[in-house]
Amino acid sequence: MAETTLTDTVESPERIAGWRGIAADWSSDQRAFKNVSWGKAMMWIFLLSDTFIFSCFLLSYMTARMSTTVPWPNPSEVFALNIAGRHIPLILIAIMTFILISSSGTMAMAVNFGYRRDRVKTAVLMLVTAAFGATFVGMQAFEWTKLIMEGVRPWENPWGAAQFGSSFFMITGFHGTHVTIGVIFLIAIARKVWRGDFDVARRGFFTSRKGHYEIVEIMGLYWHFVDLVWVFIFAFFYLW
C-alpha cells in the first residue's frame, strides 16, 4: 500500500528591489512592530529625538569651551560649598548625582512590582522616585540661586569666559525641566496605581487596559533616560 505525502507548497512572494524593498521588509516585520504598543513605541521615538537635542547642546558647549580664548571657569571652584569652614568642591553636585542615580533604582523596582501587579509597592516606589526627583530639582534651584547671587548671568560671569553662564543655564535648565515634568507624571500615575485604576479599568487620563501596568514601564523609560543624560552632563560640564 503506497502512502502519499501531501505537502502544501507556498510560493514566496517576489522580493522588491531597492529602497522600496527595504521599506517593505521593515513594515512587514511582525515582532519588531506589531507586538509593541503605541505608548511604548512613541516614548522610544520621543527619547530618540530628545537624545539629538541634548547631544546638540553638549556639542555646542564643548565647541564654545574649546574655541574661546578667554579662560574657562574652574568647575571645582565655581561649584564648591563652604561647609563647617571647609571649602569642599563639587559636594552639592555629587549629592545631586547620587540622589538621581538612586531614583533610577527605585523606579526599576517600581516597574518590577508593576509587572507583579503589586499596586501598593509600585505606588510607594514611584512616590519615592518622585521625592528623589523633587529633591534634585530643589538642590538645583539652590545651585542656580547661589550662582546668580555671585554674579553669573547668561551673558557674563566674574570668573572668565562669558559663554559659561549661557551654557550652564541652558543645559541644566533644560534637564531640570525634564526632571520636573517627570516628577509631576510620577505622582499622577502613582495615584492611579494606588487607587487601582489599572486593575478595574477605570476610565481616565493615562488609564491603561485592565490588569496592565505598561504605563509604569513607559514612565520608567523616561526616567532612566533623564538619569542617563545627567551622567553625561555631570561628566562633561562639572568634571571636565
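UniProt, in an unreviewed entry, places the feature "transmembrane region" at residues 41-64, 84-111, 123-142, 162-194 and 215-239. The model discussed here is predicted.

Biologist: What makes residues 123-142 helical in this model, and how far apart are the end C-alpha atoms?

Modeller: The chain over residues 123-142 is 100% helix and 0% strand, with 29 Å between the end C-alpha atoms. For residues 162-194 the figures are 97% helix and 0% strand, and the end C-alpha atoms lie 49 Å apart.

Biologist: How do you know what span is expected of helix 5, and what does helix 5 reach?

Modeller: The expected span is 1.5 Å times one less than the number of residues. Helix 5 has 25 residues, so 36 Å is expected. From first C-alpha to last, helix 5 reaches 37 Å, which is close to that value. Arg117, with a positive phi near 60°, follows helix 5.

Biologist: Which residues line the largest cavity, and how many are charged?

Modeller: The lining consists of Val78, Phe79, Ala80, Leu81, Leu92, Ile93, Glu143, Lys146 and Leu147. Seven are nonpolar, none polar and two charged. Glu and Lys count as charged, so Glu143 and Lys146 are the charged pair.

Biologist: Which helix gives the most to this lining?

Modeller: Helix 6 does, with three residues. Helix 5 (91-115) and helix 6 (119-149) each supply at least two.

How values were computed. Residues are numbered from 1 along each chain as its sequence is written. This is a predicted model: local features need pLDDT of at least 70, side-chain atom pairs count only at pLDDT 80 or more; totals for chains, interfaces and linings use all residues. Side-chain values use heavy atoms; hydrogens and water are left out. UniProt positions are given in the numbering used here, feature names are shortened, and annotations may be inferred rather than shown by experiment. Helices (H or I, at least four residues) and strands (E, at least two) are DSSP runs, numbered from the N terminus. On a 1 Å grid over the protein atoms alone, a cavity is a set of points where a 1.4 Å probe fits but cannot get out, and a pocket is an open set with protein on both sides within 12 Å along at least five of seven lines; lining residues have an atom within 4 Å of a point.
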